[in-house]
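The following exercises concern a single protein model. Please work through each task before reading its solution.

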Amino acid sequence: MDSTHHDSIEKSGGFWNAFALILGISLCVISLVAGGAFIYGGLKYSRVNGPQPVAANTPAAPASATAASAAPAPAASSGGIVIKPGADNPLTYDIKSFTVKAGEKIKVTFNNQSALPMPHNFILGKLGSKDRLMVAVAAMITDPNGMTKGYIPESPDIIVHTKLLNPGQSETLDFIAPVEKGDYPYLCSFPGHTMLMNGVMKVE
Ligand SMILES: [Cu+2]
């Protein structure tokens with residue numbers, strides 16, 4: 001009896017010792033795993049965050065460039081607006097929109113300075129005349145004298161325009177902004193350009 005009792009105490013002691021050992025090992029393993037996960041997570045975090053400024057800079061450059069080209073140009077009165085073929089797509093204008101004050105003196109320079117040597121012009125149309133201008137411009141393509149006319153249609157919707165400018169040429173238009181507020185379309189009428197090469201002068 002005595003020995004059995006002693007034996008059972010020893011057994012239970014052995015059980016608790018084993019339990020403590022297993023618990024200890026488990027805690028150790030858990031802390032190792034947790035620690036490992038923490039370290040790995042930290043590494044992963046630093047890896048994700050490490051190159052991020054570089055990765056963020058790459059899209060930031062075109063984003064800011066887009067923002068710059070999309071942003072309205074400075075006031076027309078200060079030296080005027082200078083428009084060129086787009087740097088990203090030379091069959092567009094680099095300035096797709098600019099704002100002027102109604103009735104103010106404006107200077108718009110179209111400088112055909114582009115990596116792609118291609119003739120262009122700049123035609124400013126009356127308020128809301130874009131569709132009519134597009135039709136008039138499209139008719140110039142089949143005009144046998146289109147090239148000699150610089151692809152400038154005879155249209156009452158044209159406020160002002162440059163001649164057809166060869167690569168490297170520039171022309172400045174001086175005029176008074178219309179008094180009627182709204183969107184005034186401008187476009188290049190050289191065949192094939194009009195659909196992309198256009199913009200809006202906003203009169204405020
Ligand atoms: Cu053009």
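Buried means under 20% relative accessible area, exposed over 50%, and partly exposed in between, with a 1.4 Å probe and protein chains only. The model is predicted: local features need pLDDT of at least 70, side-chain atom pairs count only at pLDDT 80 or more, and totals for chains, interfaces and linings use all residues. Residues are numbered from 1 along each chain as its sequence is written, and side-chain values use heavy atoms, with hydrogens and water left out.

**Exercise 1.** Determine which protein atoms are the donors of the copper ion, and assign the geometry of the site.

*Solution.*
1. Donors are N, O and S atoms within 2.8 Å of the metal (3.2 Å for Na, K and Ca); water is not among the atoms, so sites may look incomplete.
2. H120 (ND1), C188 (SG), H193 (ND1) and M197 (SD) lie 2.0 to 2.5 Å from the copper ion.
3. The angles among the 4 donor atoms are 86 to 131°. Four donors count as tetrahedral if all angles lie between 85 and 135 degrees, and the copper site is tetrahedral.

**Exercise 2.** State whether H120 and H193 are buried or exposed.

*Solution.* H120 and H193 are both buried.

**Exercise 3.** Identify the residues with the most contacts inside the largest nonpolar core.

*Solution.*
1. Such a core is a set of buried Ala, Val, Leu, Ile, Met, Phe, Trp, Tyr and Cys residues joined through side-chain atoms within 4.5 Å.
2. The largest one has 26 residues, and I83, F98, F122, Y186 and M201 have the most contacts inside it.
3. A second, separate core of 7 residues includes I123, L133, M134 and L187.

Conventions: Four donors count as tetrahedral if all angles lie between 85 and 135 degrees; four count as square planar and six as octahedral if opposite donors are over 155 degrees apart and all others between 65 and 115; anything else is irregular.
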